[in-house]
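Hi everyone, thanks for coming.

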Amino acid sequence: MTGEGGALLLPIKIELPDGFLDEEVRCGYTVSAEMKKLWAVELDLLVEFDRVCREHGITYFADSGTLLGAVRHKGFIPWDDDIDVAMFREDYRKLVRIAGQEFQHPYFFQTPYSDPGLVMGGSRLRNSDTTLISDFENHRPYQNKGCFIDIFVLDYVPERAAALKTTKLFLKGYWRILRYASYYEHYFRPGKTYSVKRRLLGRFSLILKCIFGITNLSRSYEKCCSRWSESHTEKISPLEAERGKYTYQKDWYNSAAWVPFEHISIPVPNGYHEVLSSMFGEYMVMKRISTLHRPLLFDAETPYSEYSRKR
């Protein structure tokens with residue numbers, strides 16, 4: 001637990017700089033005190049994640065908006081509400097093997113296997129003594145809904161454009177099947193009309209779930225994401241991020257450089273300029289893009305389990 005001036009206690013281990021939790025204006029955007037609490041919990045999760053990775057020789061990189069924030073703002077993008085990291089499949093497999101022993105309460109390493117119902121090829125590190133329920137996961141069946149950071153996986157992908165396109169389309173379809181199988185009641189509500197294609201895919205998803213189970217379907221999806229991992233091509237992609245929308249050159253991730261991020265340091269890929277240019281174009285030009293998560297409920301001082309009992 002840490003406090004600032006004795007006025008606030010958060011379930012985190014890191015010490016926060018004086019005034020960190022105060023509302024402030026950054027780049028003309030007002031960052032509320034509530035958002036600062038969320039940032040503080042996420043920074044603590046990142047520090048704990050970094051500790052485990054360092055102790056086990058696991059390499060990771062800031063990803064997506066977190067990478068952009070590190071390079072352009074030396075911290076969070078003022079209107080961002082999450083932290084994303086990425087690592088190669090071999091490092092991710094090592095992390096999965098040791099996560100259960102290394103991450104102790106309140107930290108929880110959430111995968112489709114440790115908390116069935118999570119649909120993603122990567123994982124999340126959550127703080128179980130907090131609550132973060134966003135619009136996209138409000139009806140999700142997994143249990144832990146504490147504040148989190150996303151952990152994505154960098155997989156090798158085929159060099160040929162046609163093979164890459166086929167891989168992306170297949171994974172997009174498989175991902176949709178997983179979502180329908182896991183959250184059928186959310187996507188198909190009584191009294192609403194759906195296209196024939198959607199209804200057939202929904203029924204097919206339920207049949208697969210009944211035959212194989214959601215855990216086996218998740219394992220199969222992960223294998224599909226990593227099917228090119230032994231080929232070591234020159235192209236890689238965080239396939240989980242928007243079903244492989246972004247593809248990078250392997251040599252952009254040959255090494256990591258540590259840069260300031262708020263009051264800590266985080267690793268960025270050596271080719272961060274090429275990565276960010278691929279994702280955002282002229283990335284140093286400020287563009288207000290709405291956040292993906294849009295929290296419905298955030299409480300930095302109350303475990304998600306207490307809210308679950310009330311719902």
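**A walk through the model**

Let's start at Glu262, which sits in the loop between β13 (256-261) and β14 (264-269). A quick word on those labels: helices (H or I, at least four residues) and strands (E, at least two) are DSSP runs, numbered from the N terminus.

Before going on, some ground rules. This is a predicted model, where local features need pLDDT of at least 70 and side-chain atom pairs count only at pLDDT 80 or more, while totals for chains, interfaces and linings use all residues. Residues are numbered from 1 along each chain as its sequence is written, and side-chain values use heavy atoms, with hydrogens and water left out.

Ser64 is another residue other than glycine with a positive phi, near 55°, and Ser64 is found in helix α2 (residues 64-72). As background, most residues other than glycine have a negative phi, and most peptide bonds are trans. You'll find Pro106 in the loop between α3 (89-102) and β7 (107-110).

Now, who does Glu262 pair with? Arg26 forms a salt bridge with Glu262, and the closest N and O atoms are 2.9 Å apart. That pair links distant parts of the chain: Arg26 is in strand β3 (residues 24-26), Glu262 is in the loop between β13 and β14, and they are 236 residues apart. By salt bridge I mean a side-chain nitrogen of Lys or Arg within 4 Å of a carboxyl oxygen of Asp or Glu.

Are Arg26 and Glu262 buried or exposed? Both are buried. Buried here means under 20% relative accessible area, exposed means over 50%, and partly exposed is in between (1.4 Å probe, protein chains only). Arg26 counts as buried because its relative accessibility is 18%. Arg26 also has a salt bridge with Glu24, with the closest N and O atoms 3.2 Å apart. Glu24, at a relative accessible area of 30%, is partly exposed.

How many salt bridges does a search of the whole structure find? The count is 13. One of them joins the side chains of Asp50 and Arg54, at 2.6 Å from N to O. These two are 4 residues apart in helix α1, so about one helical turn separates them. In general, an α-helix has 3.6 residues a turn, so residues three or four places apart point the same way. Asp50 is buried, at 13% relative accessible area, whereas Arg54 is exposed, at 55%. There's a network too: salt bridges that share partners join Lys13, Glu48, Arg51, Glu55 and Glu102.

While we're on helix α1 (residues 33-55), here's a check on its length. Its 23 residues, at 1.5 Å a residue, should span 33 Å, and the end C-alpha atoms are 33 Å apart, which agrees. The expected span is 1.5 Å times one less than the number of residues. After α1 comes Gly57, with a positive phi near 65°.

Leu164 lies in helix α4 (residues 161-182) and counts as buried, at 8% relative accessibility. Which residues does Leu164 touch, not counting those up to four places away in sequence? Val157, Pro158 and Thr247, where contact means heavy atoms within 4.5 Å. The other spot is Gly271, in the loop between β14 and α8 (272-280). Gly271 is buried, with a relative accessible area of 4%. Gly271 and Trp252 are 19 residues apart in sequence, but their C-alpha atoms are 4.0 Å apart in space.

Finally, cysteines. A search of the whole structure finds 0 disulfides, a disulfide being a pair of cysteine sulfur atoms within 2.5 Å. Cys224 counts as buried, at 18% relative accessibility.

That's my tour; happy to go back to any part of it.
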